[in-house]
Number of protein chains: 2
Amino acid sequence: MKFQAPKGTRDFYPAEMAVRRRIESAWREASVAFGFDEIDGPTFEHLELYTAKSGEGIVSELFSFRRAGGSDDYALRPEFTPTLARMAAARAAQLPVPIKWFAVPNFFRAERPQRGRLREFFQWNVDLLGAEGPAIDAEVIGVAVGALARLGLGPADVRVKISHRVAAARLVRALGVAEESVAAAFELLDRRDKMPPEEFTKRAAALGLGGDSLSRFESAVRTRVQLADGIGALAAAAGIPAVELAELEALREALVAAGLGEWCEFDLGIVRGLAYYTGTVFEVHEASGGERAIAGGGRYDGLVELFGGPKTPAIGFGMGDVVLGLVLADRGLLPKDGTELLPRPDAFVISAGDPAADAELPRLVARLRAGGLHVRHSYKATRNVGKLLADASKQRSRFAVILGTELAEGRVQLKDLASGEQRQVALVDLASALRAAGA
Amino acid sequence: MKFQAPKGTRDFYPAEMAVRRRIESAWREASVAFGFDEIDGPTFEHLELYTAKSGEGIVSELFSFRRAGGSDDYALRPEFTPTLARMAAARAAQLPVPIKWFAVPNFFRAERPQRGRLREFFQWNVDLLGAEGPAIDAEVIGVAVGALARLGLGPADVRVKISHRVAAARLVRALGVAEESVAAAFELLDRRDKMPPEEFTKRAAALGLGGDSLSRFESAVRTRVQLADGIGALAAAAGIPAVELAELEALREALVAAGLGEWCEFDLGIVRGLAYYTGTVFEVHEASGGERAIAGGGRYDGLVELFGGPKTPAIGFGMGDVVLGLVLADRGLLPKDGTELLPRPDAFVISAGDPAADAELPRLVARLRAGGLHVRHSYKATRNVGKLLADASKQRSRFAVILGTELAEGRVQLKDLASGEQRQVALVDLASALRAAGA
């Protein structure tokens, strides 16, 4: 019999788990620094929670099921926003305002696995509800940048690409798209890399973006404008007055004030496929553009209301572990062997073979562990101290504790495995000696 | 529209999430102290992984599903051991021996939710593979105790009840149960609290446990024998020679050597329902016996082989978050309001209303957060410092940083919200002042 993990899912052996924990720690640390509180919801929800938001079309992308003998339809969560909106709506009257929540759940998509896209993945979600304005949007973008910086990435490695639904709508209308076709234009824009150029041109013309309009549209969405270049540069590329991009100018000022100017750039090509975004939208990409988005999000002021709560301004983003892991590995920001990220043992306890030492070993190990120290020992029959010291080094222990003949006088040998320095320590002082040495 | 979490699942708002993280931290700290490395597997597995171990009967207890258009049957994981055995079998040749792994995954059971039993729950799993003997069994029991002690529980709160499949088999055979009925006797024993006494008596008699045999059997399984009483007391209660319980005597010595004597007691009534246990079995119960088991596990030497690996000695246990949470709450070991467990802000930054202060606030907040400090600020329009200080205290911040007129000289006011003490600090020294104050 041979068994394997389901296609598109992962086994996390200690080395892979250490990498996952490294990423999750950066997410948590940034979240806490920015004053967000952690939440979580069920791994599966009523299927209706997803169809209410995204329509019946989403069902084929979900893993859905019923309990044997049950009548409720459930689905493994494909994203967090519906759960978050449901939770916020359910306690809207009691929750403090603004609500600042983060979560680090796993998600599931029943699609074909490919580079950067798996059937089960982990994703950091950050949401700020009940407040609005450019400073709020900048704060949320700041959390994302905070985690990337903690992982060693800088503005030369990753770019936060920013647009605004309202400004972008004004642009496409100015280019000749009718009011009722704006949503279709956004959808076309979002999918432009997934179709041949002639198909794109044809569909753009049908929406009113023909000839010169299309050239201006292309110029607007393909021009990379740094925040330092100012909103005028973006307006010039788009061929519209700068005042039409006022929301992006306000956001630019807030981002610069929050020290994020270097990390961000305007990109009117960012629309985010999801229909529920209402204002600022952004994606984080690897600087060369060679991978899928590392993160994506935006303002979704109508969603809590959709799930039965009051009208609530809201902005949030998701950052998955898969693309981020690829980018970190590519930049040399993860060790080749993830086991280097595992917690290092404080001490590796060795019996030199005396019966009294053999008897003391389990007692000592238990006492040190009860005191919070990370303690390992050998499971081999050998009492060859040289071989056991090699094992201690192999397990990356800071110290070896050798139980030898001096145990009769209540002392043990404490060997620093980095410096090789060795000294005798009284048994009663061992735990504090290990702690004092930075354990 | 009104949406709710599926029956038997939980929404974790910040207060509930903080409690979950408190429990998970104790699990992780104990695991690391004892030298175990963290792993994880997919949230769903091929359905065959579970039926191979537990038979087709388990299917009705699982949430199982297919991908739309797919042909593979999957199931949400109901437990970790099959995943662990699969992972160990897949890399048996490369993995270091012994394998010491822990995991903190969520599990799913499609049964009726009741006190201590939900449809989705979190469970700590600890397994040690590739080594055997009483010292190994004691080490694994020690990890469980290590986590309970870290959560504030003691031997008067919880009891580790211990038995051994081989010794228990010898007992039931000595009482007249035929070799081929030993497994049935274990199953009956495991379910004795789930049937009326007369039903139990009838079924026991059918297995060869009638009259005097049944009295001795009842005496054996209902007698609580502390480790300090010695194996002789257990043998006397069971009415068999002490030598027949040699495995438990050896385990007793190892548990005492590891400082676990006080926490443990013999209980031949513990058999664990699962057919795959081969040696030591144990459960952790609240001392009064009023709740379901907090943890359960044992030795399962045949399981890795079942999943295609080599013959591998193995012992492990699982400890769920639901019953443990009830016991901790009952003993007053969790705060009434879980938000007390949330990380406390280092600083709450306040602008006293000067335009320069308003402009500096987002810059300062961003700098402090980038430096790893946990910093909050108000989202209200008010510049009333008294009201804002009240907000800072309500958010449990250690310090308030007030941007007032002294900002013109590059200084801010730093107020210790516990002592009320207030002093001026240069802006450039603020981060280190906060850190020096224990932030």
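**Reading a buried strand and its neighbours**

Student: Which residues of S5(B) point one way and which the other way?

Tutor: Ile99(B), Trp101(B) and Ala103(B) point one way from S5(B), Lys100(B) and Phe102(B) the other way, and all are buried. A residue is buried if 20 or more other C-beta atoms, placed from the backbone, lie within 10 Å of its own. Strands are DSSP runs (E, at least two residues), and helices are runs of H or I with at least four, numbered from the N terminus. The model is predicted: local features need pLDDT of at least 70 and side-chain atom pairs count only at pLDDT 80 or more, while totals for chains, interfaces and linings use all residues. Residues are numbered from 1 along each chain as its sequence is written, with chains lettered from A and ligands numbered from 1 in the order in which they are written.

Student: Why is strand S5 of chain B largely enclosed by the rest of the structure?

Tutor: Strand S5 (residues 99–103) of chain B is largely enclosed because 5 of its 5 residues are buried.

Student: Which strands pair with S5(B), and in which sense?

Tutor: Strands of a sheet pair through backbone hydrogen bonds, either parallel or antiparallel. Pairing requires that DSSP finds at least two bridges between two strands. Strand S1 (residues 37–38) of chain B runs parallel to S5(B), joined by 2 bridges; here Asp37(B) has Trp101(B) as its bridge partner. Strand S7 (residues 120–129) of chain B is antiparallel to S5(B) over 5 bridges, and Ala103(B) is partnered by Asn125(B).

Student: How many residues of chain B are in contact with chain A?

Tutor: Contact requires C-beta atoms, placed from the backbone, within 7 Å. On this basis, 67 residues of chain B are in contact with 67 residues of chain A. Helix H13 (residues 355–370) of chain B gives the largest share of chain B's side, 6 residues.

How values were computed. Buried ≥ 20, exposed ≤ 12 C-beta atoms within 10 Å, placed from the backbone. Contact = placed C-beta atoms within 7 Å.
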